[in-house]
Amino acid sequence: MDIRCRKLNCKFNDHFTCRAKNIDVTRTAVCKSFVFDAEKPKEDTTKQLFERTPKFAPMRDSKTIEIKCNAKCLMNHAGKCVANGITINDYRAKPYCLTFLED
């Protein structure tokens, strides 16, 4: 039940936890709330998960944030995401919602 993000150069990313007030997912399952921050580190420490434990910020419950969704997804209920939590990944230079399950 948390909001995780591996888009490290987003201004809302706090050690893999999204701190945006609201999240908006497009029809193509891309996080529209992403805001590029050139000052953020770009190394993804989760790639060495078994070598050393990455630092994660405390979980943020999905009930404390409104997640709007326009994707044709099983978790989309009348424009709102009803998943227990979502994960945004760094996919092809876009912040892609990995929780997306095509309806």
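A salt bridge is a side-chain nitrogen of Lys or Arg within 4 Å of a carboxyl oxygen of Asp or Glu. In this predicted model, Asp 2 forms such a bridge with Arg 4, and their closest N and O atoms are 2.7 Å apart. Local features are given where pLDDT is at least 70, side-chain atom pairs count only at pLDDT 80 or more, and totals for chains, interfaces and linings use all residues. Residues are numbered from 1 along each chain as its sequence is written, and side-chain values use heavy atoms, with hydrogens and water left out.

**The chain as a whole**

The chain has zero helices and nine strands. Helices (H or I, at least four residues) and strands (E, at least two) are DSSP runs, numbered from the N terminus. Of the 103 residues, 41% count as buried. Buried means under 20% relative accessible area, exposed means over 50%, and partly exposed lies in between, with a 1.4 Å probe and protein chains only. The accessible surface comes to about 6,800 Å², and carbon and sulfur atoms make up 53% of this surface. Such areas come from the Shrake-Rupley method with a 1.4 Å probe; for residues, only the protein chains shown count as cover.

A contact means heavy atoms within 4.5 Å. Among the contacts in the chain with a separation of 6 or more, 66% are between residues 24 or more positions apart.

**Salt bridges**

The structure holds two salt bridges. Side chains of opposite charge can pair when their charged atoms come close. The table lists both pairs.

| Pair | Closest N and O atoms |
|---|---|
| Asp 2 and Arg 4 | 2.7 Å |
| Arg 19 and Asp 14 | 3.4 Å |

Asp 2 counts as buried because its relative accessibility is 17%. Arg 4, at 16%, is also buried. In the other pair, Arg 19 is partly exposed at 35% relative accessibility, and Asp 14 is partly exposed at 29%.

**Strands S8 and S9**

Strand S8 (residues 86-91) and strand S9 run antiparallel and are joined by four bridges. Two strands pair if DSSP finds at least two bridges between them. S8 and S9 form a hairpin with two residues between them, and Arg 92 in the turn has a positive phi of about 50°.

Opposite Cys 97 stands Ile 88.

Asn 13 is in strand S2 (residues 13-14). Its relative accessibility is 6%, so Asn 13 counts as buried. Beyond its neighbours within four places in sequence, Asn 13 is in contact with Cys 5, Arg 6, Lys 7, Leu 8 and Lys 40. A polar contact is a pair of N or O atoms within 3.5 Å; within protein, one must be able to donate a hydrogen and the other to accept it, and residues adjacent in sequence count only if both atoms are side-chain atoms. A polar atom of the Asn 13 side chain lies 3.2 Å from the backbone oxygen of Cys 5. The Asn 13 side chain also reaches the backbone nitrogen of His 15 at 3.4 Å.

Ser 33 is in the loop between strand S4 (22-25) and strand S5 (66-69). Ser 33 is buried, with a relative accessible area of 16%. Apart from neighbours within four places in sequence, Ser 33 is in contact with Phe 12, Asn 22, Ile 23 and Asp 24.
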